[in-house]
Amino acid sequence: MLSTAALAQEPAAPPDQPLASPGQEARAQAIFEVVRCVVCQHESIADSPAGIAGDMRRLIREEIASGATDQAVRDDLVRRYGDYVLFTPPVRTGTWLLWFGPALLAGLGGLALFLFARRKAVETAPLSPDEERRLADLLQSETVRPDPDASAPHDGR
């Protein structure tokens with residue numbers, strides 16, 4: 001049973017091999033920080049121990065070594081994994097809700113609170129003298145019975 005759990009784990013990523021040029025390696029490291037690990041989802045590929053993150057780092061280094069620009073590397077990652085791979089996805093028609101949805105919800109909530117606060121309380125018409133007399137008669141008479149479903153008041157115990 002223990003061997004099954006060990007076999008189910010993802011193999012460790014091979015150690016990273018930095019680029020020979022310090023300038024190219026610095027560019028690669030900068031891209032690593034803005035790319036999300038597709039397995040971990042909450043950390044960049046620079047910090048992720050997942051095997052796919054190691055593959056993504058290796059791919060980025062290969063593209064930079066072959067002369068690709070930083071934007072071309074990002075575009076290739078988005079083509080492969082979608083907009084979600086970037087921590088700050090681009091503003092497009094498909095991502096408007098992601099970018100502007102929270103502000104829209106906050107605005108609608110504020111508008112609802114404003115309208116609720118401005119709402120006037122409904123005033124009830126006062127009882128006519130005839131209605132007041134009938135109410136007084138009902139309260140004085142023995143015909144008014146307590147509600148059988150009502151619970152008894154608590155006496156502090």
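Analyst: The buried residues of α4 are V73, D76, L77 and V78. They pack against α2 and α3. Keep in mind that this is a predicted model.

User: What about α2: what span should its 13 residues have?

Analyst: At 1.5 Å a residue, α2 should span 18 Å. Its end C-alpha atoms are 19 Å apart, so the two values agree.

User: Which residues of α2 are buried, and why do you say that they line one face?

Analyst: The buried ones are E25, A28, I31 and F32. Look down the axis of α2: its buried residues fall within an arc of 120 degrees, so they line one face of the helix. The cover over them includes α3 and α4.

User: How many helices and strands does the chain have?

Analyst: The chain has six helices and zero strands. Read along the sequence, the pattern is α-α-α-α-α-α. Of the 157 residues in the chain, 21% are buried. Take the contacts with a separation of 6 or more: residues 24 or more positions apart account for 47% of them. The chain exposes about 12300 Å², and carbon and sulfur atoms supply 61% of that area.

User: What makes a group of residues a nonpolar core?

Analyst: The members must be buried residues of nonpolar kinds, joined through side-chain atoms within 4.5 Å. Here the largest such core has 20 residues. Those with the most contacts inside it are V35, I45, I60, I64, V73, L77 and V85. Two or more residues come from each of α2, α3 and α4. The largest share, five residues, comes from α3.

User: Which residues does V85 touch?

Analyst: Leave out residues up to four places away in sequence. V85 then touches V34, V35, R36, V38, M56, L77 and V78.

User: Is C37 buried or exposed?

Analyst: Buried means under 20% relative accessible area. C37 has 0%, so it is buried.

User: Why is S48 called buried?

Analyst: The same test applies. S48 has a relative accessible area of 4%, and the cut-off is under 20%, so S48 counts as buried. S48 is found in the loop between α2 and α3. Not counting residues up to four places away in sequence, it touches C37, C40, E43, A53 and R57.

User: Why is Q41 called partly exposed?

Analyst: Its relative accessible area is 41%. Buried means under 20% and exposed means over 50%, so Q41 falls in between. Q41 also sits in the loop between α2 and α3. Leaving aside neighbours within four places in sequence, Q41 is in contact with R36 and Y84. The C-alpha atoms of Q41 and F87 are separated by 9.5 Å, although these residues are 46 residues apart along the chain.

User: What makes T88 exposed?

Analyst: The cut-off for exposed is over 50%. T88 has a relative accessible area of 57%, so it passes. The place of T88 is in the loop between α4 and α5.

User: How far is the C-alpha atom of T88 from that of R36?

Analyst: They are separated by 9.5 Å. Along the chain, T88 and R36 are 52 residues apart.

Methods: Residues are numbered from 1 along each chain as its sequence is written. This is a predicted model: local features need pLDDT of at least 70, side-chain atom pairs count only at pLDDT 80 or more; totals for chains, interfaces and linings use all residues. Side-chain values use heavy atoms; hydrogens and water are left out. Buried means under 20% relative accessible area, exposed over 50%, partly exposed in between (1.4 Å probe, protein chains only). Helices (H or I, at least four residues) and strands (E, at least two) are DSSP runs, numbered from the N terminus. Contact means heavy atoms within 4.5 Å. The expected span of a helix is 1.5 Å times one less than its number of residues. The arc is that of the directions from the helix axis to the C-beta atoms. Accessible areas come from the Shrake-Rupley method with a 1.4 Å probe; for residues, only the protein chains shown count as cover.
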